[in-house]
Amino acid sequence: MITYTSLPIAGAEKQSERETMPKTAVLYASGFTKNTQRIAEYISSKTGAETFDLKKNTPADLDQYDTIIFGTGVHAGKPYAPVQKFISDNREILKNKKVKLFITCMYNDEKGKNQCARISGMWGIPDAVFFNKKEDRMNADGIPVSVDEFIKGLRCRFFRLLSLPRCIS
Ligand SMILES: Cc1cc2nc3c(=O)[nH]c(=O)nc-3n(C[C@H](O)[C@H](O)[C@H](O)COP(=O)(O)O)c2cc1C
């Protein structure tokens, strides 16, 4: 009798990682250097999250997402207006979501931290990080390694919700 053992399927591990993610949308606005867009698309490529460029379109129905990640650059101390508007327009529904924020910016160290704290306070999103090319080491894709840490944190949080004793490394 011939027995067939199943071979590992390429990409299967990635797929199972995606299945551990809560349904997530990345809503961002980006300027001409497209730094924020690049990071939003990278997060999506690693997690299966859907991305929306708020300068062009918005999700038809926020109810289908458990987690919303906002992304913005900063010009003259101000985050981008389409993100600001979306948050103001959807404040009530966002109260029932896990909401995170990432900022791409040129300030690092204390200045970067203070700027991030100010914007996260203004928008009422305490779960906020900033990514900065000057400060960060880059991964093989040319993305700050802190973005990979951020992604890892998304998965860890889900495992904690399930009371599983590990997170994907
Ligand atoms: C005109 C201008 C003003 C900027 N002002 C700030 C600022 O106040 N604080 C900061 O940290 N970065 C500032 N930056 C840097 C951008 O926020 C940063 O490069 C960001 O990643 C740009 O994202 P984007 O390419 O998606 O627009 C500024 C950049 C430009 C071009």
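**View 1. The buried side of helix 5 in the predicted model.** In helix 5, the residues that count as buried are Cys116, Ile119, Ser120 and Trp123. Because these residues cover an arc of only 95° around the axis, they lie on the same side of helix 5. An α-helix has 3.6 residues a turn, so residues three or four places apart point the same way. The coordinates shown here, and in the views that follow, are those of a predicted model.

**View 2. The surroundings of helix 5 and its exposed face.** The buried residues of helix 5 pack against strand 4 (78-79), helix 3 (81-89), strand 5 (98-104) and strand 6 (128-131). On the face turned away from this buried side, helix 5 carries the exposed residues Glu110, Lys111, Asn114, Gly121 and Met122.

**View 3. The length and the end of helix 5.** Helix 5, which comprises residues 109-123, has 15 residues and reaches 21 Å from its first C-alpha to its last, close to the 21 Å expected at 1.5 Å a residue. Glycine 124, which follows helix 5, has a positive phi, near 65°.

**View 4. The largest nonpolar core.** This core has 31 residues, of which Val26, Leu27, Ile39, Ile43 and Ile103 touch the most other members. At least two residues of the core are supplied by each of strand 1 (24-29), helix 2, strand 3, helix 3, strand 5, helix 5 and strand 6, and the largest share, 5 residues, comes from strand 1. In soluble globular proteins, nonpolar side chains tend to be buried together.

**View 5. The contacts of isoleucine 103.** When residues up to four places away in sequence are not counted, isoleucine 103 touches Thr72, Val74, Pro79, Cys116, Ile119, Ala128 and Phe130. Among these, Cys116 and Ile119 are also buried residues of helix 5.

**View 6. The shell around the ligand.** There are 17 residues around the ligand, and Gly31, Thr36, Gly73, Thr104 and Cys105 come nearest. Helix 2 (35-47) and strand 3 (67-75) each supply at least two residues of this shell. Sorted by class, the shell has 5 nonpolar, 11 polar and 1 charged residues.

**View 7. The protein chain as the setting for the close-ups.** The protein chain has 6 helices and 6 strands, which follow the pattern α-β-α-β-β-β-α-α-β-α-β-α when read along the sequence. Of its 169 residues, 27% count as buried. Among contacts in the chain between residues at least 6 apart in sequence, 67% join residues at least 24 apart.

Conventions:
Residues numbered from 1 in each chain as written. Predicted model: local features only at pLDDT ≥ 70, side-chain atom pairs only at ≥ 80, totals over all residues. Helix = DSSP H or I, 4+ residues; strand = E, 2+ residues; numbered from the N terminus. Expected span 1.5 Å × (residues − 1). Buried ≥ 20, exposed ≤ 12 C-beta atoms within 10 Å, placed from the backbone. Arc of directions from axis to C-beta. Contact = placed C-beta atoms within 7 Å. Near = placed C-beta within 6 Å. Nonpolar A, V, L, I, M, F, W, Y, C, P; charged D, E, K, R; others polar. Core = buried A, V, L, I, M, F, W, Y, C linked by C-beta atoms within 7 Å.
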